[in-house]
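Okay, everyone, thanks for coming. Let me put the structure up, and then we'll walk through it together.

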Amino acid sequence: MNCNIAVIKGDGIGPEVVSEAMKVLDAIGAKYGHTFNYEQLLMGGCSIDVHGVPLTDEAVERAKAADAVLLGSIGGNTSTSPWYKLPPEKRPEAGLLKIRKELGLFANLRPAFLYNELKGACPLKEEIADKGFDMMIMRELTGGLYFGARETKEVDGVMTAVDTLTYNENEIRRIAIKGFDIAMKRRKKVTSVDKANVLDSSRLWRKIVEEVAKDYPEVTYEHMLVDNCAMQLVKDPAQFDVVLTENMFGDILSDEASMITGSIGMLASASLNETKFGMYEPSGGSAPDIAGQNKANPIATILSAAMMLRYTFDMDKEADAIEAAVQQVLVENYRTCDIVSEGTELVSCSQMGDLIATRV
């Protein structure tokens, strides 16, 4: 099978971790008879440096022409980088918001799974970590505060900023359906997270989720306020299967979930539209403090590539092979610096990629 992938390596550690994911994909191609064709595009700070904008219209069109997008991290140090002296609409993260909107990527899937071999890296109490957890955070990605109208202006002599949180019933219904569909393939439980005790948007969210739930009688569902969910993630993460929530809540909760896996470098991500097209990226940031030092953990990006094989190309066997290779490397006690512990062997970013590629 020929697979055309738009590759956006991005900023910071992005080029390093994406290169390792491509290495693993090429190993899969050699083993299973597939060809992965890569077209490299610019987005984020690197695009600002070349084009003056975080994402060009040409790059969007080329991404649309691909079968999928493999993305690294974007952005830099918000205190020192000249990118953050630009207006908000010209900063690196604006490119990410733009490509999500232009590609219609409304459903963000972020699995959080605690490997048995990494229980020692989990910051939770031992009795909690020993129970393990395996959840999928389903985040709505193209609505809410991040895409609402915003302005900063002077009102009665006082500078005032306004961000608008807006959701309509169609946006909520389509992400709820995706969430319940995923739950049907897992343990058939949905936890819908909102702030319905305060926000009108959350009250509408809850109403639509209840309507969708009627079409899935096999799925158990519950509502949970976002502040309670944040507490429950560190108190009893094993209770969760599919966590369904809106854009900003999902952004925060998925980062929290990633850290209890042992490292944000372990959390993969898929963003899907109405078709099989998707954009696949690690959930962590660009980590400019270690960029170029060959220290980054590429596992999240490699697992994101496995998600690409599974969700866009229907290559379940190949995706399983990558996931098994990651597990095997961890069993053999190889670790990057973010997850290294006593009795394990420290390896670099590129060495971790080599180890996984040779075990697919």
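So, let's start inside. The largest nonpolar core has 72 residues, and the ones that touch the most other members are Leu 109, Phe 180, Leu 244, Leu 309 and Ile 356. By nonpolar core I mean a set of buried Ala, Val, Leu, Ile, Met, Phe, Trp, Tyr and Cys residues joined through side-chain atoms within 4.5 Å. Buried, here, is under 20% relative accessible area, exposed is over 50%, and partly exposed is in between, with a 1.4 Å probe and protein chains only. Apart from that core lies another one of 21 residues, including Phe 133, Val 193, Val 243 and Leu 267. In soluble globular proteins, nonpolar side chains do tend to be buried together.

A word on what you're looking at: this is a predicted model, where local features need pLDDT of at least 70, side-chain atom pairs count only at pLDDT 80 or more, and totals for chains, interfaces and linings use all residues. Residues are numbered from 1 along each chain as its sequence is written, and side-chain values use heavy atoms, with hydrogens and water left out.

Back to Leu 309. Leaving aside neighbours within four places in sequence, its contacts (heavy atoms within 4.5 Å) include Leu 25, Ile 28, Phe 36 and Met 315.

Next, Leu 330, which you'll find in helix H11, residues 316–331. Helices are DSSP runs of H or I with at least four residues, strands are E runs of at least two, and both are numbered from the N terminus. Is Leu 330 buried or exposed? Leu 330 is buried, because its relative accessible area is 0%. Not counting residues up to four places away in sequence, Leu 330 touches Tyr 115, Glu 117, Leu 118, Met 266, Ile 299, Arg 335 and Ile 339.

Now for a loop. Tyr 84 sits between strand E3 (68–71) and helix H4 (92–102). Tyr 84 still counts as buried, because its relative accessibility is 12%. Among the residues Tyr 84 touches, beyond those up to four places away in sequence, are Gly 75, Asn 77, Arg 91 and Pro 92.

Finally, let's zoom out. The protein chain has 12 helices and 14 strands. Its radius of gyration is 20 Å, close to the 21 Å from the globule rule for 360 residues, so the chain is as compact as a globular protein of that length. That radius is taken over C-alpha atoms, and the rule is 2.2 Å times the number of residues to the power 0.38. And buried residues make up 53% of the 360.
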